[in-house]
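Here's a quick walk through a few local details of this one. Have a look at the model first, then read on.

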Amino acid sequence: ALVGETTLHRLEELDSHLAARVPVVFALDNFTASDKHWLSTVMTLFSACPDVRFSPLTNHAEMQRIHSATGGNMRQLKWLLSEAAMVASENHQNEVRSQDMQIAFDRIKGNSSGLSNPWKA
């Protein structure tokens with residue numbers, strides 16, 4: 001398996017011998033905000049952390065913010081939720097709130113990402 005970004009679609013231009021050994025190219029797309037699989041994935045990850053509850057984030061507005069923050073990308077989603085759980089833990093809380101998501105987003109994205117924090121007013 002050869003895993004990479006969209007530049008792998010140009011593999012023939014870069015290395016024709018290697019490209020001849022790659023018979024299939026499969027692209028994984030990010031989830032859309034309205035995708036039922038996205039919502040199911042987020043809820044499954046919420047339930048996978050029994051020590052910190054994510055129940056304050058289960059409403060539609062928060063789900064939209066989570067999607068906006070991650071672009072529907074699984075790696076970004078896991079990173080954001082892990083950071084949010086750490087923020088809650090640092091504050092001796094047993095649940096993640098919107099303000100914790102704001103801090104978590106700032107920690108993982110910083111100011112250089114060009115993305116605005118969906119949890120900032």
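The side chain of Asn-117 has a polar atom 2.9 Å from the backbone nitrogen of Trp-119, a polar contact (a pair of N or O atoms within 3.5 Å, where one must be able to donate a hydrogen and the other to accept it, and residues adjacent in sequence count only if both atoms are side-chain atoms). Asn-117 sits in the segment after H6; helices here are DSSP runs (H or I) of at least four residues, numbered from the N terminus. With a relative accessible area of 9%, Asn-117 is buried; that term means under 20%, while exposed means over 50% and partly exposed is in between, with a 1.4 Å probe and protein chains only. Neighbours within four places in sequence aside, Asn-117 is in contact with Gln-102, Phe-105 and Asp-106 (contact means heavy atoms within 4.5 Å).

A word on the source: this is a predicted model, so local features need pLDDT of at least 70 and side-chain atom pairs count only at pLDDT 80 or more, while totals for chains, interfaces and linings use all residues. Residues are numbered from 1 along each chain as its sequence is written, and side-chain values use heavy atoms, with hydrogens and water left out.

On to the rings. The structure holds three aromatic pairs, where ring centres of Phe, Tyr or Trp (its six-membered ring) lie within 6.5 Å, and planes under 30 degrees apart count as stacked, over 60 as edge-to-face and the rest as tilted.

Phe-46 is buried at 7% relative accessible area, and Phe-54 is buried at 5%. Phe-105 and Trp-119 are both buried too. Their pair links distant parts of the chain, 14 residues apart: Phe-105 is in helix H6 (residues 98-109) and Trp-119 in the segment after H6.

How do H4 and H5 pack? Helix H4 (residues 60-70) and helix H5 (residues 74-90) meet at an angle of about 120 degrees, with axes 9 Å apart. Axes are lines fitted to C-alpha atoms over the stretch in contact, and angles run from 0 to 180 degrees between N-to-C directions. Ile-66, Ala-69 and Thr-70 in H4 meet Gln-76, Leu-77 and Leu-80 in H5.

Finally, His-92, in the loop between H5 and H6, has a positive phi of about 55 degrees although it is not a glycine. His-92 is exposed, at 77% relative accessible area.

Conventions:
Helices (H or I, at least four residues) and strands (E, at least two) are DSSP runs, numbered from the N terminus.
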